[in-house]
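User: I would like a close look at a single part of this model. Please keep it simple.
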Amino acid sequence: MADLEIKGLSKAFGGVQALKGVDFQAAKGEVHALLGENGAGKSTLIKCLGACQSYDSGAIYLEKKKMTAVHPKQAIEAGIGIVFQELSLIPNLSVADNLFLGMNLGNKLSVTRRKTACSKARQIFKEFEVEGIEPETKVEALSLSEKQTLEIVKVLSRDTQVVVFDEATSALSSDRVEWLYHLVKRLQEKKKIIIFISHRMGEIRRFCNIVTVFRNGENVGTHRLDEVDNDRLVHMMLGRKMSGYYPE
Ligand code: ADP
Ligand code: MG
Ligand code: MG
C-alpha cells in the first residue's frame with residue numbers, strides 16, 4: 001500500500017457526480033501534481049482528504065492507517081495539511097492571532113498572550129524564511145500575496161505528513177512563488193507527501209515530479225513528468241487532442 005492511498009472515493013452534490021470512484025496514490029518525498037480542467041474534482045478530492053467534505057463511499061489510508069477524521073481539526077491531527085484555494089483567514093484579527101487560531105495560548109485579551117503569540121509568530125516566520133510581514137498587523141491590511149503567504153505558513157507550522165497546495169500560487173507575487181519553490185524542496189527533503197494543484201504547466205513541471213490527471217470526476221492516469229509531454233497531458237485533461245494548447 002502506498003504512503004497515501006485513496007480508494008474508490010465517490011462524492012455527489014445533488015445531481016453532480018464530482019468524484020466517481022477515484023483511486024489515487026502518493027509516496028513520501030514525492031511532489032505530486034493534480035491537473036484537470038475547472039470542475040474536474042481536484043478540490044473536492046482534497047476537501048474529502050482534509051475532512052472538510054464528507055464522501056459517499058470509498059476510503060483513505062495514510063501510512064496504512066484508515067482515516068476516520070470527520071472534522072478538519074482531526075484531519076490535521078492525523079497528518080493532513082491543506083492550503084485551500086479559498087483563504088480561511090479572519091480579516092479583523094492580527095497575523096499572529098490568525099496563525100494560532102484554534103490553539104490554546106491562554107486568555108485572548110491578555111497582554112501576555114498577545115506577546116507570546118507575536119514572539120511565536122516571529123519564530124515561525126524565521127523558520128520558514130518569511131520577511132516583511134509583522135505579527136501585529138491586522139490581516140485586512142495585508143496584500144493578497146501576503147495573505148496567501150500567511151495561509152501557507154499557517155499550514156506548514158503544523159508540520160503534517162501530507163501537505164496540499166490547492167492553487168496556492170495563483171495569488172502569490174513572483175518572488176513569493178520562488179520562496180514557495182524552495183519550501184517545497186525542503187518539504188521534499190523531509191520526506192513529506194506533497195500534492196500540488198495548479199493550472200500552470202510550466203510551474204507543474206518545475207515544482208513536481210509526477211502528475212495525475214482528472215477529467216469529469218475521474219482519475220484518467222498518472223505519469224512521471226519527465227516521461228510525458230504537454231500534448232499528451234492536454235489530451236488526457238480534455239479527452240481529445242488539441243495540439244500546442246496548454247494553460248501557462
Ligand atoms: P476543481 O477543483 O477540479 O475545479 P471541484 O472539485 O471544485 O473541481 O468541483 C467538481 C464539481 O463539483 C464541479 O461540478 C463543482 O461545481 C461541484 N461542486 C464542488 N463543490 C460543490 C458544492 N459544495 N456544492 C455543489 N457542487 C459542488
Ligand atoms: Mg476549480
Ligand atoms: Mg479547485
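In the hairpin of β9 and β10, which residue takes a positive phi?

Analyst: This is a predicted model, in which local features need pLDDT of at least 70, side-chain atom pairs count only at pLDDT 80 or more, and totals for chains, interfaces and linings use all residues. Residues are numbered from 1 along each chain as its sequence is written, and chains are lettered from A and ligands numbered from 1 in the order in which they are written.

The residue is Asn 216, with a positive phi near 50 degrees. The hairpin of β9 and β10 has two residues between the strands. Strands here are DSSP runs (E, at least two residues), numbered from the N terminus, as are helices (H or I, at least four residues).

Now look at the pairing. Two strands pair if DSSP finds at least two bridges between them. Strand β9 covers residues 210-215, and β10 covers residues 218-224. Six bridges join β9 to β10, and the two run antiparallel. Within this pair, Phe 214 stands opposite Asn 219 in β10.

Strand β9 has another partner, β3 (residues 31-36). These two run parallel, joined by five bridges. Here His 32 stands opposite Ile 210 in β9.
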